[in-house]
Amino acid sequence: MTTGKINVSVENIFPLIKKFLYSDHEIFLRELVSNGTDATLKLKHLTSIGEAKVEYGNPIIEIKIDKEGKKLHIIDQGLGMTADEVEKYINQVAFSGAEEFLDKYKDSAKDSGIIGHFGLGFYSAFMVAEKVEIITKSYKDEPAAHWTCDGSPEFTLEPADKTDRGTEIILHIAEDSVEFLEDHKISELLNKYNKFMPIPIKFGTKNETLPKPEDAPEDYQTETVAVDNIINNPNPAWTKQPSELSDDDYKKFYRELYPMQFEEPLFNIHLNVDYPFNLTGILYFPKLGSDLQIQKDKIQLYQNQVYVTDNVEGIVPEFLTMLKGVIDSPDIPLNVSRSYLQADGAVKKISNYITRKVADKLKSLFTENREDFEQKWNDIKIVLEYGMLSEPKFYEKSGAFVLYPTVDGKYFTLDELKENLKENHTNKDGKLVLLYAGNKDAQHSYIAAAKDKNYEVLLLDSPIISHLIQKLEGDNSDITFVRVDSDHIDNLIKKDETTISKLSDEEKESLKTVVENVVPKPTYSVQMEALDSNAAPFLITQPEFMRRMKEMSQSGGGGMFGMGNMPEMYNLVVNTNSELANNILNTTDKSQQEHLVKQALDLAKLSQNLLKGEELTAFVKRSFELIK
């Protein structure tokens with residue numbers, strides 16, 4: 001029997017481990033199961049190259065609870081350790097056996113799946129255990145060893161009578177951690193951290209019904225038997241080649257990742273790269289709509305099939321964090337707890353790769369089945385528009401597949417808009433005017449007026465559209481976006497014919513004075529315009545620039561413009577060719593004149609949803625008086 005002191009550089013290492021090594025104590029199970037997986041994968045590699053002269057077989061990792069004895073057992077059938085190896089790898093804290101193994105076999109072991117980032121991983125056991133035992137038997141023809149430590153630097157190491165290959169770790173659970181003796185708690189942790197580990201993990205048994213024999217009699221009683229309960233899927237979809245998977249396979253895996261998600265994803269993107277870094281994964285586009293407050297942290301990060309975190313900020317571009325799925329990479333640098341990413345050049349390359357891969361997939365979906373892509377547009381547009389604003393590399397590629405729908409349900413790319421609308425939508429400066437609505441119902445009368453003149457009206461209704469329009473105009477000097485209820489379209493778009501005003505310049509000035517005496521200043525700027533006689537007598541519009549700046553300030557861009565509290569400013573356009581304008585001008589009764597202007601103004605405000613509170617009550621009362 002050997003006794004001694006663990007070789008550590010900090011005298012009180014165990015209190016530090018218990019308190020500071022990991023932010024979450026539950027991580028101990030992930031680390032110990034990961035160590036068992038490493039030991040098994042190492043053995044698999046050594047047998048495959050002929051260095052280990054043993055039968056690999058079908059090894060599993062088993063987790064057992066001894067509630068009465070307050071013990072938790074983690075058992076693997078990997079390569080095990082000799083007494084000398086226990087001394088080397090366990091008693092010298094922070095010396096990583098996996099890293100040494102990888103260094104020795106770096107050429108042949110690079111694809112073996114060994115995690116190789118543990119170091120202090122084993123000692124996470126002392127966060128929940130007051131005593132830890134290791135009983136281990138090497139694949140080499142050497143005696144088994146039994147190591148015991150009670151959470152102090154003192155340990156014992158003696159021979160053991162274990163005859164089967166592998167390692168059993170026994171945790172004597174501390175009084176403050178008895179929750180880890182509950183089946184449901186261990187099942188929850190295994191499902192969270194080890195659901196896709198590459199070695200089968202057994203936890204208890206389950207009952208399975210035997211199939212009914214073909215020649216069974218009618219009164220045959222079905223039989224059930226207890227079988228090993230394997231809680232993980234060692235071969236998840238992302239570890240396979242896309243050619244091996246069908247659409248149903250991808251959907252099945254989505255349900256495996258998100259069992260409580262009942263809505264099918266719209267489509268998926270399979271990531272698979274081995275140079276200049278290793279990364280695999282599957283990203284899913286769920287239905288998103290136009291809500292920016294979508295729950296993020298739905299993409300799970302793995303390292304060689306070991307769950308690390310669902311905080312993928314820095315790896316996945318921010319606009320894609322609204323997606324769901326899995327990313328697995330051994331090349332992402334992690335700290336000792338593997339819970340927080342460190343700044344690294346490889347991470348930026350990975351982020352750029354994911355951006356490019358997503359853009360390429362969207363382009364192929366658009367090209368291969370445009371009709372289907374158009375049907376899904378409203379469910380994915382918020383992600384793509386956000387990507388255009390936040391990722392320059394995505395923006396560069398976006399022109400090939402980003403769509404601009406019309407209020408009539410037609411879809412155009414920006415290049416198609418430029419080509420199809422150039423003859424009928426050009427202003428006096430030669431720019432293409434792209435009319436759009438932000439709310440189809442609220443701006444219905446303005447949309448109808450534009451369509452009466454054969455103008456296309458786009459439906460751009462996402463909460464970040466003002467920011468995106470600003471960017472598009474900055475990069476395309478030949479276009480300008482104007483909301484359909486902004487400055488009147490007859491003033492925006494060049495027309496061959498000019499509408500003649502029925503009122504003289506003097507009459508227009510008189511009418512303007514009458515109207516200005518009634519409307520509140522400085523909220524409304526009164527403008528006399530000779531419009532079509534069928535157009536509304538009074539129209540309220542909002543200057544495009546001022547409205548857009550206000551929208552941007554409300555959606556998060558106000559700070560940079562200093563416009564967080566911009567006042568409301570509108571144009572009141574009076575149609576000098578309307579019958580009402582003529583009636584107001586020719587009414588001699590001042591009170592009646594004011595009454596007509598007030599009623600017309602309120603109708604115009606009502607059409608813009610600007611009539612509220614006391615004004616709305618007064619308008620309704622006045623309207624009833626008119627029809628009595």
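Reader: Leaving aside neighbours within four places in sequence, which residues is Glu 62 in contact with?

Author: The partners of Glu 62 are His 73, Ile 74, Ile 75 and Lys 202. Keep in mind that this is a predicted model. Each of those residues counts as a contact because it has heavy atoms within 4.5 Å of Glu 62.

Reader: And where is Glu 62 found?

Author: Glu 62 belongs to strand β2, residues 61-66.

Reader: Why is Glu 62 called buried?

Author: The cut-off for buried is under 20% relative accessible area. Glu 62 comes out at 19%, so the label is buried.

Reader: What makes the pair of Glu 62 and Lys 202 a polar contact?

Author: The side chains of these two are joined at 3.4 Å. The limit for a pair of N or O atoms is within 3.5 Å, so the pair counts.

Reader: Let's go to β5. How do you know that the strand is mostly covered?

Author: Count the residues: six of the six in β5, residues 144-149, are buried. Ala 144, His 146 and Thr 148 point one way, while Ala 145, Trp 147 and Cys 149 point the other way, and all are buried. As a general point, side chains in a regular strand alternate between the two faces of the sheet.

Reader: Which strands does β5 pair with, and why does that count as pairing?

Author: Strand β4 (residues 129-137) pairs with β5 in the antiparallel sense over five bridges. Strand β6 (residues 154-160) is joined to β5 by six bridges, and these two also run antiparallel. Pairing takes at least two bridges, so both cases qualify.

Reader: How many residues lie between the strands in each hairpin?

Author: Six residues lie between β4 and β5, and four between β5 and β6. In the turn between β5 and β6, Gly 151 has a positive phi of about 90 degrees.

Reader: Now the sheet with β10. What makes β10 and β13 edge strands?

Author: The sheet is open, with five strands in the order β10-β11-β14-β12-β13 and mixed pairing. Strands β10 (267-273) and β13 (306-309) each pair on one side only. From one strand to the next, the twist averages 20 degrees.

Reader: In which sense do β12 and β14 pair?

Author: Parallel, over four bridges, with β12 covering residues 299-303 and β14 residues 324-328. Ile 299 stands opposite Gly 325 there.

Reader: Helix α6 lies across which strands, and what do you call its angle to β11?

Author: Helix α6 (residues 247-257) lies across β10, β11, β12 and β14, at about 90 degrees to β11.

Reader: Why are α14 and α16 described as roughly perpendicular to each other?

Author: Helix α14 (residues 505-516) and helix α16 (residues 579-586) pack at an angle of about 80 degrees, with axes 10 Å apart. The range for the term is 65 to 115 degrees, so α14 and α16 are roughly perpendicular.

Reader: Which residues meet where they pack?

Author: From α14 come Glu 507, Ser 510, Leu 511 and Val 514; from α16 come Ala 581, Ile 584 and Leu 585. By class, this contact has five nonpolar, one polar and one charged residues.

Reader: Why are β20 and β21 said to stand at the edges?

Author: Their sheet is open and mixed, with three strands in the order β20-β22-β21. β20 (524-529) and β21 (538-541) have a single partner strand each, so one side of each is left without a neighbour in the sheet. Neighbouring strands here are turned by 25 degrees against each other on average, direction ignored. β20 and β22 (residues 570-575) pair in the parallel sense over six bridges, and Gln 527 stands opposite Val 573. Helix α14 packs on this sheet, touching β20, β21 and β22, and its direction makes about 155 degrees with that of β20.

Reader: One more: buried or exposed, how do you class Leu 611?

Author: Leu 611 is in the loop between α17 (590-607) and α18 (613-627). Its relative accessible area is 4%, and the cut-off is under 20%, so Leu 611 is buried. Leaving aside neighbours within four places in sequence, Leu 611 is in contact with Asp 602, Lys 605, Leu 606, Leu 616 and Phe 619.

Technical notes. Residues numbered from 1 in each chain as written. Predicted model: local features only at pLDDT ≥ 70, side-chain atom pairs only at ≥ 80, totals over all residues. Heavy atoms only, no water. Buried < 20%, exposed > 50% of the residue type's maximum accessible area, 1.4 Å probe, protein only. Polar contact = N/O pair within 3.5 Å; in protein donor to acceptor, adjacent residues only side chain to side chain. Axes fitted to C-alpha atoms, helices over the stretch in contact; angles between N-to-C directions. Parallel < 35°, antiparallel > 145°, perpendicular 65-115°, else oblique. Nonpolar A, V, L, I, M, F, W, Y, C, P; charged D, E, K, R; others polar.
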